[in-house]
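Please walk through the model below from its overall fold down to single side-chain pairs. The cut-off behind each term is given where the term comes up.

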Amino acid sequence: MNTATTIPATAEATAVSQAPAQRAFRTAKIFIGAYGALSTAVLLTVVVLAATGHEVTSFMWGRSAGVLASAAVTYWLTVLAARGARWAYLRVRFLSVVMPVVIVAIDLIPGALPVWFIAMQAVCALAIGATAFIANGSVLRAAFPKGR
């Protein structure tokens, strides 16, 4: 049995399984799902543009694929956190704060990306940024107290 993905039999795990924490995780999964869907749309747009002969840079390919990969990893970590994995919860907290900052910071590099790409990535940043408010909110912080 993989202990990293099972819920530990502790008082803290009970707090994670309570309705408020599970509601928070459901909402976080919705935002992360939106982040993934938007990231997929960006990558598909790059694919279509490349297939139709429009200029697409390797930076756009890597960036759109990287953002999509971060959405998949963040969703996976959220699922594990909802099952009681504190280590996964801490990573979701970190990623949900850092990813919007990184997305916007890279978007601000002058001339690196077309405006349509920046706009689509900014919407992605909003979706994952909304997750930060949930992940760092009092309900989930109480479900994963320090010292566990």
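Among contacts in the protein between residues at least 6 apart in sequence, what percentage join residues at least 24 apart? With contact taken as heavy atoms within 4.5 Å, the share is 78%. This is a predicted model, in which local features need pLDDT of at least 70 and side-chain atom pairs count only at pLDDT 80 or more, whereas totals for chains, interfaces and linings use all residues. Residues are numbered from 1 along each chain as its sequence is written, and side-chain values use heavy atoms, with hydrogens and water left out.

The protein has six helices and zero strands, so that from the N terminus on its elements read α-α-α-α-α-α; helices (H or I, at least four residues) and strands (E, at least two) are DSSP runs, numbered from the N terminus. Of the 148 residues in the protein, 37% are buried, where buried means under 20% relative accessible area, exposed means over 50%, and partly exposed lies in between, with a 1.4 Å probe and protein chains only.

The accessible surface of the protein comes to about 7,700 Å², and carbon and sulfur atoms account for 71% of that surface; accessible areas come from the Shrake-Rupley method with a 1.4 Å probe, and for residues only the protein chains shown count as cover. On this surface V73, W76 and W87 form a nonpolar patch, with about 300 Å² of accessible area together. Patches are made of residues with over 30% relative accessible area and no salt bridge, like charges being joined within 9 Å and nonpolar side chains (Val, Leu, Ile, Met, Phe, Trp, Tyr) within 5 Å. W76 has its place in helix α3, residues 58-82.

Helix α4, residues 86-107, contains V101, which counts as exposed because its relative accessibility is 55%. V101 and G129 are 28 residues apart in sequence, and their C-alpha atoms are 8.6 Å apart in space.

How many salt bridges does a search of the whole structure find? The search finds one, a salt bridge being a side-chain nitrogen of Lys or Arg within 4 Å of a carboxyl oxygen of Asp or Glu. It is formed by the side chains of R63 and D107, at 2.9 Å from N to O. Because R63 lies in helix α3 and D107 in helix α4, the pair ties together parts that are 44 residues apart in sequence. R63 is buried, at 9% relative accessibility, and D107 is buried as well, with a relative accessible area of 7%.

A polar atom of the R63 side chain also lies 2.9 Å from the backbone oxygen of I103. Not counting residues up to four places away in sequence, R63 touches I103, I106, D107, L113, F117 and Q121.

One of these neighbours, F117, leads on to the aromatic rings. The structure holds four aromatic pairs, for which rings of Phe, Tyr and Trp (its six-membered ring) must have centres within 6.5 Å, planes under 30 degrees apart counting as stacked, over 60 as edge-to-face and the rest as tilted. The rings of W116 and F117 have centres 5.5 Å apart and planes at 75°, so this pair is edge-to-face. W116 is partly exposed, at 29% relative accessibility, whereas F117 is buried, at 0%. Elsewhere, F25, Y89 and F144 form one aromatic cluster.

How values were computed: Polar contact = N/O pair within 3.5 Å; in protein donor to acceptor, adjacent residues only side chain to side chain.
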